[in-house]
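Here are my notes on the sheets in this one, written so you can follow along with the model open.

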Amino acid sequence: MLDEDPPEAGPGTETPLESDAGPDPNDEPARGFPIVGIGASAGGLAALDAFFSGMPVDRDPGMAFVLVQHLAPDHESVLPELVGRQTRMKVFQAEDGMQVEPDCVYVIPPNRDLSLSDGRLRLTEPDAPRGQRLPIDSFFRSLARDQGARAIGVILSGTASDGTLGLRMIKGEGGMAMVQDPETTKYSGMPRSAIGTGLVDFVLPPDEMPGQLIEYARTALEGVSRSDGLKAPGVESPPGSADAQETLFALIRDQTGHDFSEYKDSTVHRRVKRRMAVQQVDRLEDYVRFLKSSPEEVEALFRDLLIGVTRFFRDPEAFQALGDAVSEMITDKSSGSVIRVWVPGCSTGEEAYSIAILLRKQMEAMDRSLRVQVFATDIDPRAIAVARAGVYPASIAPDLPERGLTQFFVPNPDEEAAYRIREDIREMLIFSEQDVLRDPPFSNIDLISCRNLLIYLNRDLQKQLIPLFHYALRGDGLLFLGTAESVGEFTHLFAPLDRRMSVYRRQDTSHDYARLAAGPFGRPRKGTPSGKRRIENMPRAAPTPLRRLTETALLEETAAVAALVDEDGKVLYLHGRTGLYLEPAPGDGEMNVLRMAREGLQRELSIALNRATTRQERVRRDGLEVKTNGDSVMVDLVVRPVPPSPPVHAGPEEEGSPLFLIVWKAVPPTAPEAAVQSVSGDEGGGDPELERRIAELEEELEASEEYLRATQEEMQSTNEELRTSIEELQSTNEELQSTNEELETSQEELQSLNEELATVNAELETKVADLSRAQNDMNNLLAGTGIATIFVDQELRIQRFTPTATRLMNLIKADEGRPVGDLDSKLASYDSLAADARRVLETLEPREIEVQGEGGRWYVLGIRPYRTLENVIEGAVITFIEITELKKAQATIQETEGLRRLAVVVRDSNDPIISLDLEGRIQSWNPAAERVYGWSEADALQMDYLDLVPESLRAETRSMLEAAGRGPDLGPLQTERLTREGETVRVWLTVTELVDESGRPYGISSTERPLQPDTPEEG
């Protein structure tokens, strides 16, 4: 049922049944932005990167983010730096007292617990030992208390279940829950645990979360204060007509069978408005149309209306007061008695188990051994399924008494970081799906715990439940309500034992009989029109005092006890105090009269009901001895068909199936032995027909008894075999339990260590990725430069090499690890690579050698020590830098240098030096030629050599030049040449043939030294 943390009642005050107290006007006004708590563990770093990468790049989100991650306490976190790379928002490591501001990210520091109070972050030393810390749950709880409806919880990748209980509290305060899609997580434990509560609003990949968060804040949180969700009786109804609201209730009722029209408007309106915001719908009519087309949304709204914010031993002071009252009840119980407890609206079972644990501890403290039956009921089948399983996350530890986790729970082998209620405690409880407002109540109950349900019901329903509880309790039974609830006007039915903690004792009175005579179960069943009541269950007119007195006296006189059942024995209605004859059977809590019948009644009731169903006649059994609570009573039993006319507004389970009324009437112990009688004829002592009929009935009865006897013997044999198997299984279970207890501490420590290591690993993975990128850059750099490189260790074994190195050394991938000296190289006249490398490692002095490879290519072989960042020598680096082009350039430079020197000689010579091609065209003209002959170099290069020769000598000169181009050098010889002015100059002439590298002539060089006037001619 609806089960939330209500506003606390003041000490010593009597809270009315329906509390409409609004928020304190002196409360500090809410801050105008939501705060998003993000919980992550193993694998959460990648999810956080994707989450913040999905933030808008052009605007701020308008909310604050607080990151809570499982961190190693002794490892400095780099999470703020990593997150800062992905977002434009400011990122801070949380500090104590830091004010939370919008558009900022706050990261929990290592070895600290983080909480929120008045919009400020609070850091404390962790209380729990390492391995049992639950930082996400702790922060989410403080976030819910501080921010109310503005709290948003997000759970990302992680193991175990930290954050689940905190998320439940955020939802209870009207906040929003968002979880990473388990299919996108590296570790899905935390997301799946949260999704299993059925309270999650959005299940999304991390990169889609920011957009949904911003849209939700825009549509759902406009004008919402922190107090909304804590005290919200003044919540405005969603915009829309009353007819739309009635249709909404009808849709829920038709699909689930439960009517919420009588719940408080503030409760329903707040939940409906939140679901409208989730679906981004503005008007109620539009939302109703969406509900009609989406059964899934109807189910989601139903679950929201049933949000159960419950936990173990909620309000410890109240449980202390209950423990004092229970101690007195235990003292009054005789040995072997049964303590019967009813917990309506049990949600997921935490409170029911808390009461069972409380009773066990009280009985152990008082050295009493009593049997305990706790009947826990709720209308939510999902919650009942969780309660029956009895498996809860490790985060329940702070709510339990000291050593409660190890004392009353065992580790659950099927789920990490989860605990199962101990078997002896689980056997004390029976969970059943039941609507306390509609279905028959339990009876002869010693304690009813109905906490924080009444405050969500309107006044009429509250007035029905309090008398109903009075009817279900024993004479001095206890009633345990929430601290914001009370019995209201029914002070004549209950006396307060602790008014502040809402613990009451039942007062015995006869006034409730008239009220119950009108029918305590007045809620419409599934299919009943909204707002109407079953007419036959309500008085048509207010009874007069004399009529009330008469009816009360008649009821006390007749004290009829009856049950209306179907042909299978399913209880549809109980009348009177049936506890003497019926008790709930252990198991799933099905209300079946054959299973609930007490000892001495079950066999006869089964036969009588079978006879009545098969023959459709009234069957009677007299003088049955029924054992009850260590005593026995005599009773007459009547089973009769009910006339076929159905009741008004009957539900589907009542239509078309025959009904039967079972009536018990207590008789004095001297009643005659039972006999089956039929009302089809009159009784007569000497009627032969009657005697024959009696004989037939006796034969049928004897046959039935024989059949039942054989069945019972067979069942006994089967039970003996099962008992032997159970004993063996119990022995094995005890051994396993002992082993589990021994491993529990180690498992918790290892679990915590694994989560911390996973977080550290995630950070290291980021660093490894950076190193991988750097390595890729280096590989590409080495490959791009074409430098052949070989890395060797201190033993000169090859560690790795670049692809270019294979051109110079006979290397393959398999050579890694081989000594470099074992390899054949492709170098000419060089085989001392290993020796040179060893020398470098010994002297630590780099070495460079020019070596020649195949094809005449030259390389500089460089050997240098391999140094780590810590300056440790771990081998050597051998590089081959190709210098072939450099060698060619050097040769060219040398050749050019020779030509340069020759050019200097030509330039500085005092004799004209002229070079010609084989055709006689001038190719060069030195300064001396320009000085002697008068033509500039530019002019001379345009001339033919014969232009320098007098006309009379040209034929001879032409022949000489041709001869010089074919043969040996000529001269020296005297001849004449012309100047620019036409003057004749006598010169000594030397002609030399010019040849290329292959010996082919390509020109002629002429050296001409002018003769002085007094120089004699050669003869």
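This is a predicted model: local features need pLDDT of at least 70, side-chain atom pairs count only at pLDDT 80 or more; totals for chains, interfaces and linings use all residues.

1. I'll start with the parallel sheet: seven strands, open, in the order β3-β4-β2-β1-β7-β8-β9. The edge positions go to β3 (90–93) and β9 (202–204); each has a single partner strand, so one side of each has no neighbour in the sheet. From one strand to the next, the twist averages 20°.

2. At the β3 end, have a look at the pairing with β4 (residues 104–107): the two strands are parallel and share four bridges.

3. Which strands does helix α3 touch? Helix α3 (residues 135–147) packs on this sheet against β1 (35–40), β2 (64–69) and β7 (151–155), and its direction makes about 170° with that of β1.

4. Now the antiparallel sheet. This open sheet has five strands, ordered β21-β20-β24-β23-β22. Here β21 (571–575) and β22 (619–628) are the edge strands, and since each pairs with a single strand, one side of each is left without a neighbour in the sheet. Neighbouring strands are turned by 25° against each other on average, direction ignored.

5. Within that sheet, β20 (residues 561–566) and β24 (residues 659–667) run antiparallel and are joined by six bridges.

6. Helix α20 lies across β20, β22, β23 (631–641) and β24, and runs at about 10° to β23.

How values were computed
Residues are numbered from 1 along each chain as its sequence is written. Side-chain values use heavy atoms; hydrogens and water are left out. Two strands pair if DSSP finds at least two bridges between them. Axes are lines fitted to C-alpha atoms, for helices over the stretch in contact, and angles run from 0 to 180 degrees between N-to-C directions. Contact means heavy atoms within 4.5 Å.
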